[in-house]
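Please examine the sequence and the three-dimensional model shown here before reading on. The paragraphs below are meant to be read alongside them.

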Amino acid sequence: METTARDNALRQALAPLGKEGEPPRLPSNFAFTTLQRIRREQRQAERRQQRLAVAFVAGVALLGLVAIVIFCGATLRQLFLGVVHQPQSLALVLPTLFCLTFFALLNHWLAKHY
């Protein structure tokens, strides 16, 4: 009974393609257009997965930052105020930021090429 329902569904789907009594005729580029549609749907599924992954990573990073601020906020505030009030500590912050930026860019470049 189940196969007859499937057969009827297939016949109904193919009915507009051919007249009664004639075998249905598919367009000459049916395989090409079908493969194009399959590729398009695969790309869309990959994009959805990438967006979901990016959103998940951003959410976890945001939750991590919130947790750091909640648990270590007072200590971080005291450290930041100590750096601001002592001019010699600013001399250490700028080279450190430069080095971190350099190493982040180097890491990105190496990951891209290797």
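The following account covers confidence, fold elements and surface in turn.

The model is a predicted one, and its confidence deserves attention at the outset. Across the protein, pLDDT averages 85, and 83% of the residues score at least 70. Where pLDDT is low, the predicted coordinates should not be read in detail.

The secondary structure is simply described. The protein contains three helices and zero strands, and from the N terminus the order of elements is α-α-α.

How much of the protein counts as buried? Of its 114 residues, 2% fall into that class. The accessible surface amounts to about 10900 Å², and carbon and sulfur atoms account for 67% of this area.

One is a patch of positive charge, in which Arg-37, Arg-39, Arg-40, Arg-43, Arg-47, Arg-48 and Arg-51 gather. Arg-40, one of these residues, lies in helix 2. Is Arg-40 buried, partly exposed or exposed? Its relative accessibility is 41%, so Arg-40 counts as partly exposed, since the partly exposed class lies between the buried limit of under 20% and the exposed limit of over 50%.

The other patch is nonpolar and has an area of about 840 Å². Its members are Phe-98, Phe-102, Phe-103, Leu-106, Trp-109, Leu-110 and Tyr-114.

Terms used: Residues are numbered from 1 along each chain as its sequence is written. This is a predicted model: local features need pLDDT of at least 70, side-chain atom pairs count only at pLDDT 80 or more; totals for chains, interfaces and linings use all residues. Side-chain values use heavy atoms; hydrogens and water are left out. pLDDT is the predictor's confidence in each residue, from 0 to 100. Helices (H or I, at least four residues) and strands (E, at least two) are DSSP runs, numbered from the N terminus. Buried means under 20% relative accessible area, exposed over 50%, partly exposed in between (1.4 Å probe, protein chains only). Accessible areas come from the Shrake-Rupley method with a 1.4 Å probe; for residues, only the protein chains shown count as cover. Patches are made of residues with over 30% relative accessible area and no salt bridge: like charges are joined within 9 Å, nonpolar side chains (Val, Leu, Ile, Met, Phe, Trp, Tyr) within 5 Å. A salt bridge is a side-chain nitrogen of Lys or Arg within 4 Å of a carboxyl oxygen of Asp or Glu. Lys and Arg count as positive and Asp and Glu as negative; His and the chain ends are not counted. The place of a charge is taken as NZ of Lys, CZ of Arg, CG of Asp or CD of Glu.
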